[in-house]
Amino acid sequence: MAPRWYYPGFFGALFLVLLRIAIGWHVYYEGRDKIQSQDTAQPFSSESYLRNATGPLAENFRNLVPDVDSLDQLNPELLNQWWDEELRRASAHFQFTPDQLAQAREQLDQTKARADSWFADDENADQIADYKDKVAQVREGRRQPPEMAFERDRLQDLLYEVETLRKDLTAPIDQWTADLRASWIALAEPDQLETAGELGPAPSSLDQIDLITMYGLTICGLLLMAGLFTPVAALGAAGLLFLFYISMPPFPGLPPNPRAEGTYLIVNKTLIEMLALLALAATPSGLWFGVDRLLFGWIDRRNIASAAEAGEPRATA
């Protein structure tokens with residue numbers, strides 16, 4: 001039983017419950033797939049999504065990525081400091097002996113010498129200088145978005161050029177870092193490896209964002225399917241979808257989302273699903289069919305009793 005102002009009739013309630021379960025399954029499956037990808041060669045990361053954000057909050061999203069333009073990585077002094085910190089982290093992780101630490105330091109010194117030669121190369125130095133100039137142009141373009149269509153197209157071309165150049169310049173540095181980490185792991189004895197476990201990349205703010213995204217989607221999806229804490233789950237999922245939407249909104253004059261499955265203008269699938277979740281949050285669908293009915297059915301019964309005392313009509317659930 002439910003008060004008339006809550007209950008839309010049998011078929012209305014049925015389809016709202018089915019809509020809740022369907023969206024819950026979609027949200028849950030998206031989160032589960034991201035969690036399972038952590039054990040694959042291409043684990044989920046929000047870095048690419050944040051780095052390529054567009055729209056009015058683009059800079060806010062981009063700034064969530066540490067060293068988003070890799071300018072620190074392309075600074076020899078800062079790079080050497082970061083490698084030193086990585087060595088300290090590896091040494092503490094594996095509890096290196098003095099001999100192991102000396103060997104690791106020698107490997108790091110060799111890599112630093114190779115990097116110094118690479119940075120000193122005139123061609124690489126010119127490319128880095130050109131990259132920094134283009135980054136400055138992009139930042140200025142984002143600070144004062146161009147009004148003319150051809151100017152926006154030119155800025156978009158520059159964005160692609162900057163990202164391509166960034167990847168080309170940082171590729172050898174990333175490889176040296178990976179080689180260093182592998183060489184330090186190779187120095188560890190079997191008992192050290194067993195005790196310390198795997199040495200992964202240094203933790204960053206992106207790890208927290210990835211965890212919130214993966215487990216937030218999964219938990220909200222499960223709660224929606226079960227009809228447990230339904231309004232809270234719907235609002236939580238809607239909040240995550242809003243962040244996905246506003247990071248790459250299909251607004252006029254903005255570059256299209258390369259991952260989009262169709263062509264959109266302002267309204268896309270993410271926005272529609274978010275609005276559906278907000279509608280579900282405004283209904284007690286978990287009280288019609290879900291765990292909420294078992295846990296919080298007394299609220300519904302109290303409302304019915306109050307309505308009966310006031311002489312108001314009732315509808316059957």
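## Cavity lining

Helix H4 (76–94) and helix H7 (149–187) each contribute at least two residues to the lining of the largest cavity. The model described here is a predicted one. H7 is the main contributor to this lining, giving four residues.

The residues that line the largest cavity are Trp82, Trp83, Glu86, Thr177, Leu180, Arg181 and Trp184. By class, the lining consists of four nonpolar residues, one polar residue and two charged residues.

## Cavity count and volume

Empty space left between atoms can be found by rolling a probe the size of a water molecule over them. In this structure there is one cavity of 30 Å³ or more. The largest cavity holds about 30 Å³ of space.

## Packing of H4 and H5

A pair of packed helices is described by the distance between the axes and the angle between them. H4, which supplies residues to the cavity lining, also packs with helix H5 (residues 98–120): the two axes come within 11 Å and cross at roughly 160 degrees. An angle over 145 degrees counts as roughly antiparallel, and H4 and H5 are therefore roughly antiparallel to each other. The crossing in which H4 passes H5 is right-handed.

On the H4 side, the contact is formed by Pro76, Leu79, Asn80, Trp83, Asp84, Leu87 and Ser91. Their partners in H5 are Leu101, Ala104, Arg105, Leu108, Thr111, Lys112, Ala115, Asp116 and Phe119. Sorted by class, the contact of H4 with H5 has nine nonpolar, three polar and four charged residues. Trp83 takes part in this contact and also lines the largest cavity.

## Packing of H10 and H11

Helix H10 (residues 230–247) and helix H11 (residues 269–281) form another packed pair, with axes that come within 8 Å and cross at roughly 160 degrees. H10 and H11 are therefore roughly antiparallel to each other. H10 passes H11 in a crossing that is left-handed.

From H10, the residues in contact are Pro231, Ala234, Leu235, Ala237, Ala238, Leu241, Phe242, Phe244 and Tyr245. From H11 they are Thr270, Leu271, Glu273, Met274, Leu277, Leu278 and Ala281. The contact of H10 with H11 comprises 14 nonpolar residues, one polar residue and one charged residue.

Notes: Residues numbered from 1 in each chain as written. Predicted model: local features only at pLDDT ≥ 70, side-chain atom pairs only at ≥ 80, totals over all residues. Heavy atoms only, no water. Axes fitted to C-alpha atoms, helices over the stretch in contact; angles between N-to-C directions. Parallel < 35°, antiparallel > 145°, perpendicular 65-115°, else oblique. Left-handed = near helix turned anticlockwise from the far one by under 90°. Contact = heavy atoms within 4.5 Å. Nonpolar A, V, L, I, M, F, W, Y, C, P; charged D, E, K, R; others polar. 1 Å grid on protein atoms, 1.4 Å probe; cavity = no way out; pocket = protein on both sides within 12 Å on 5 of 7 lines; lining within 4 Å. Points joined across faces, edges and corners; volume = space filled by probe spheres on them.
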